[in-house]
Amino acid sequence: MDHSALSGAAGRGELVAWFQPQIDLASGRVVAAEALARWQHPQSGLVPPTDFIPVAEESGAIHEIGEFMLEQGCALAAELDDVEISVNVSPVQLTRSDFASRVIAAFERHGLRRGQLSVEITEGRPVLDLPDAVAQLERVRDSGVGVSLDDFGSGFASLKQLNALPFTELKIDQSLIRNDTEETWTRLASIVAIVRQRGMRIVAEGIETREQYERVRDADCDRGQGYFIGMPMPRSEFLEYLRANVRTALPAIGAVARRALLRAGIRNLEDAATHTRSDVRALRGIGPATMARLDTALAAASLAFSA
Ligand code: C2E
Ligand code: MG
Ligand code: MG
């Protein structure tokens, strides 16, 4: 393949951002997505990032690609408002002294709030060796952009990096999750415990099976990402995916009743449908009028209390 064509690919519209959903493991709700680069090569078709990112890092095209992905990520975060977006950043991008300024400028230009954008730095290469990297990541974080340590557990023993770098999130590598042994799950549990202490969020990536999904949820990870939850997809498909995952608001009910439902973890009709009718009726503050409203709203949404 002609990799020299990579230069200018973004400008020619050949680069595309795909998005892979991340769910909150406690509620099952889609709360975030990771932006993943794809190169639509005129002759070779869709080229995966594992093929062209290393080449782009060599040639310097990574800076242009990084800018493009940052822009796409910010634009979607601004449009969706309640879905956070993370964008991968190459260590090579961190060698530029204006890296932090560019990220912060994009974040502010799109009017994003704290946490709506994160950058992911791979554990696969020693970021600490880069002069200035820590300071730049601190600036980014202090401006309200999340800093995520990607591929944790895939290579460098990096509890050291955890201490030295201003991470707000840790992504457990799929190699750790796929390796389905007692030892792996024990190791995961201890990582989660350490990371929790530091107040960082934990995302499990590469979840391919229901079993893995249940394991990482029970291991107290915050978010999950993987083929079992959703594939990376073009932006338009991702928007469709979100529409299919929307939650239906509760009907108009009194404040007391609403608080009673919230206390029971019922924030929308889909939550209500996970409870039996008699359990909901038994909540303090829920009367027959509220039950009638819920019955009507559930029926209208083709939902029902559980049996
Ligand atoms: P990553 O950041 O760790 O992204 C996750 C990769 O795992 C993605 O591969 C995703 O498609 C794949 N994946 C997700 N769920 C599953 C699963 O359940 N099972 C398996 N086997 N794989 C899963 P992808 O899109 O091919 O990207 C590969 C790597 O390329 C990324 O790993 C990231 O390091 C790099 N990359 C992608 N986009 C960019 C970018 O815009 N900039 C930079 N610098 N690197 C990028
Ligand atoms: Mg990543
Ligand atoms: Mg990763």
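Author: Helices α2 (residues 62-80) and α3 (residues 99-109) pack with their axes 9 Å apart, at an angle of about 25°. This is a predicted model, by the way. Angles under 35 degrees count as roughly parallel, so α2 is roughly parallel to α3. The crossing in which α2 passes α3 is right-handed. On the α2 side, the contact is made by Glu-67, Leu-70, Glu-71 and Cys-74; α3 brings in Arg-102, Val-103, Ala-106 and Phe-107. Sort the residues of this α2 with α3 contact by class and you get five nonpolar, three charged and no polar.

Now for ligand 1. There are 23 residues around ligand 1, and those that come nearest are Ala-37, Pro-49, Ser-90, Gly-226 and Tyr-227. Two or more residues of the shell come from each of these elements: β2 (30-41), α1 (49-59), β4 (84-89), β5 (117-122) and β6 (146-152). Helix α1 gives the most, with three residues. By class, the shell around ligand 1 divides into ten nonpolar, eight polar and five charged residues.

One last stop is Ala-244, which lies in helix α9 (residues 235-244). Ala-244 counts as exposed because it has 7 C-beta neighbours inside 10 Å, and the cut-off for exposed is 12 or fewer. Gln-174 is 70 residues from Ala-244 along the chain, and the C-alpha atoms of the two are separated by 26 Å.

Technical notes
Residues are numbered from 1 along each chain as its sequence is written. Chains are lettered from A and ligands numbered from 1 in the order in which they are written. This is a predicted model: local features need pLDDT of at least 70, side-chain atom pairs count only at pLDDT 80 or more; totals for chains, interfaces and linings use all residues. Helices (H or I, at least four residues) and strands (E, at least two) are DSSP runs, numbered from the N terminus. A residue is buried if 20 or more other C-beta atoms lie within 10 Å of its own, exposed if 12 or fewer, and partly exposed in between; C-beta atoms are placed from the backbone. A residue is near a molecule or strand if its C-beta atom, placed from the backbone, lies within 6 Å of it. Ala, Val, Leu, Ile, Met, Phe, Trp, Tyr, Cys and Pro count as nonpolar, Asp, Glu, Lys and Arg as charged, and the others, Gly among them, as polar. Axes are lines fitted to C-alpha atoms, for helices over the stretch in contact, and angles run from 0 to 180 degrees between N-to-C directions. Angles under 35 degrees count as roughly parallel, over 145 as roughly antiparallel, 65 to 115 as roughly perpendicular and the rest as oblique. A crossing is left-handed if the near helix is turned anticlockwise from the far one by less than a right angle, and right-handed if clockwise. Two residues are in contact if their C-beta atoms, placed from the backbone, lie within 7 Å.
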